[in-house]
Amino acid sequence: MLNKDALQQLSQLKSSIISAKDIAQGSVRTTTKRFGFLILDDGREAFIDPEQMMRVLPDDRIEAEITTNSKGQFEAKLVKLITPGLKEFVGRYVNKGTTDFVEPDVANFNRWLFIPPQERKGFEVGDLIHCEIARHPFNSEGKTQVHIVNRLGKGEDPGVESRYSIAKFHMPFEWHAPAQNQASSINWSPLTFDNGELDLTHLPFVTIDSENTRDMDDAIYITPNEQGWELITAIADPSKHIEFGSPLELAARERASTHYILGQTVTMLPVDLSHDTYSLVPEQKRPTVICRMQILRDGTISKYEFAEALIRSQCKLSYQGVFDALTSNISTLSAPVHVHDMLVELQAFAQARAAYRQANALVMEERADYAFVLNDQKKIDHIEKRERNTAHRMIEEAMLVTNICAGELFLQHPGYGIFSSHIGFRPERVSDAQALVQEDRPDLIPGDLTQLDNFKALFRELRTNPTNNPNSAPLHSLLQRMLQAGSLTFDPIPHFGLGFNAYAMVTSPIRRYNDLFNHIAIKRILRGLPPVEIADKKQFADALQNQLNTGRQACRFTETWLGCQYAAQHVGSLHQGSVALVNSFGLGIKLDDWGLDGYALLAPKEGEVKAQFDSRRLSLTIEGKTWRLDDKVYVLVKEVDIEKRKINLEVVSEETAQRLSAWL
């Protein structure tokens, strides 16, 4: 029998052995193969063998013992599950023999998960289902079980694409009772005005939107004066009743935005509020936050002020109706003469502002919009390409100046509002951008491209005088691929992409949470109150940005799925498109008429085709023919894989396209 000293020595020895081991934590990264990796918190990657991979799921946080093999590579011996990663997911109901599984729709994860017998009633092979992990495999000998939350439908069912996307991307969809109760109390309460709002109901405000728009959140009034124009933008004001921290504010924050998923819109606020109570419908008094601006004839904003106001929109106008009224003798615009006169002034203002931005900021390239028109089965009936017209530009300029003024207001009152920022080039690509400019435009001295003025000067020059290198994509296009994505922040960071020192969005509070938050912030400034208390503002802004990105992914996923179904009905059709992506095997092409993306394989992995891919210049050369970004090409829809949501294209020559076009 060991004495007390011996036991203590053994305990110390055990502690020494444990401390000598390399114990680390990290997250599981699955692959399409049976093995995986543990991405350690210190930046290392450790290999997980296939046997151990059966015990984990994507994004699990794991504690592991790290060893080094004979090749100097790190390997992980899994010790403990810290936090499960995959909790809920969507997938397809599948069967093998007498056993049923779900095939999860999870990136880089190709393992089927077991559906226990008690979960199978009422389901069929091929069903698209929403599931939760009921039993994690880590401490269950690698045996996973799932619980089916909901049947979403089969692939051909009407509207299944939007339901599937909402579940796949975990989009908030249901309204919790506290938010519903608050919305009901707003709908039934009389509209009161007790904060010294201005009464502007006598001014002929108008809204200009798409014909079918119901959530109208901005109205405009403009009048000429000696200096230029007085412009008043009136923005719908849900913050009249929705305070920070209230159930509806929390629900709107969780959604981040109204997401227009094809077949099903997920609204940021309950429909009764966004389409009626706060929507600036004609001839109804509505609470607003206004921005009153003096715009000089050269487009300069000479002064501005924000205020709370009561307005009454006089007319709901459509983009097409306004365009017709301003450009043709035949007008379908049903509005008084003074409204038409106001539209003429609004057009003149917009032209002045566009010229000002061209000279002092940056003007984005105009791109067409694509309307995916659905039939009764919620599948795409046809696709309409819609070019932007004068009316769109008029509203765009009015909203831009309003958001610029909000950005300036928040610069003067730090810590109140959320800026929409864009830092220009990704930090790791600044030197690459400098090098390309020196090679293609040695006449330019761009200076420090992390500075807004230098960035603006470079892009204005390249947009005005584009380079034409026959062996490379246009310099402007190459540089755009090096830009950072925009982000939300409480820090006063400029918006390089638009060329503004400060930019804060306030013009869509019915549809965007950061606009709603900024309304709350503006009111606190007007009333002399401190900013709302937020423990971690960076985390707050990042979470909001992540949710916005998730919503965009859901919309894009649905459009791609429905687009593939539509393209499958038109295999063999001829199209013109623009090269949007170049890699070592082929081209990503955006079709001009449909707005859909497809891929043309030019250099298979196995074959005699000799391909030269320039990853720096993004060009692909095969047998003397070079393809570059932005090149116009003719393609045929070769085949469509609806399950993988891919459109495969075949590039054809212009001569072949002409013959096919004549024949078709």
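1. Basis. The model is predicted, with local features needing pLDDT of at least 70, side-chain atom pairs counting only at pLDDT 80 or more, and totals for chains, interfaces and linings using all residues. Residues are numbered from 1 along each chain as its sequence is written, and side-chain values use heavy atoms, leaving out hydrogens and water.

2. Overall build. The protein has 15 helices and 31 strands (DSSP runs numbered from the N terminus: H or I of at least four residues for helices, E of at least two for strands). The radius of gyration is 29 Å, close to the 26 Å of the globule rule for 664 residues, so the protein is as compact as a globular protein of that length (taken over C-alpha atoms; the rule is 2.2 Å times the number of residues to the power 0.38). The C-alpha trace spans about 100 × 70 × 60 Å along its principal axes.

3. Of the 664 residues, 49% count as buried (under 20% relative accessible area, 1.4 Å probe, protein chains only). Among contacts with a separation of 6 or more, 66% come from residues 24 or more positions apart (contact: heavy atoms within 4.5 Å).

4. Strand β17 (residues 285-296). In β17, 9 of the 12 residues are buried, so the strand is largely enclosed by the rest of the structure. It runs antiparallel to β14 (residues 228-236), joined by 9 bridges, and antiparallel to β18 (residues 301-312), joined by 11 bridges (strands pair if DSSP finds at least two bridges). Leu-231 stands opposite Met-293 of β17, while Ile-290 stands opposite Ala-307 of β18. The β17-β18 hairpin has 4 residues between the strands, and Gly-299 there takes a positive phi near 95 degrees.

5. Helices α7 and α9. The axes of α7 (residues 319-327) and α9 (residues 390-412) come within 7 Å and cross at roughly 110 degrees (axes are lines fitted to C-alpha atoms over the stretch in contact; angles run from 0 to 180 degrees between N-to-C directions). That makes α7 roughly perpendicular to α9 (65 to 115 degrees). Tyr-319, Val-322, Phe-323 and Leu-326 of α7 make the contact with Thr-390, Ala-391, His-392, Met-394 and Ile-395 of α9. These residues divide into 7 nonpolar, 2 polar and no charged (nonpolar: Ala, Val, Leu, Ile, Met, Phe, Trp, Tyr, Cys and Pro; charged: Asp, Glu, Lys and Arg; polar: the others, Gly among them).

6. Helices α13 and α14. The axes of α13 (residues 513-526) and α14 (residues 537-568) come within 11 Å and cross at roughly 145 degrees. Tyr-513, Asn-514 and Phe-517 of α13 meet Phe-540, Leu-544 and Leu-548 of α14, a contact of 5 nonpolar, 1 polar and no charged residues.

How values were computed
Angles under 35 degrees count as roughly parallel, over 145 as roughly antiparallel, 65 to 115 as roughly perpendicular and the rest as oblique. Buried means under 20% relative accessible area, exposed over 50%, partly exposed in between (1.4 Å probe, protein chains only).
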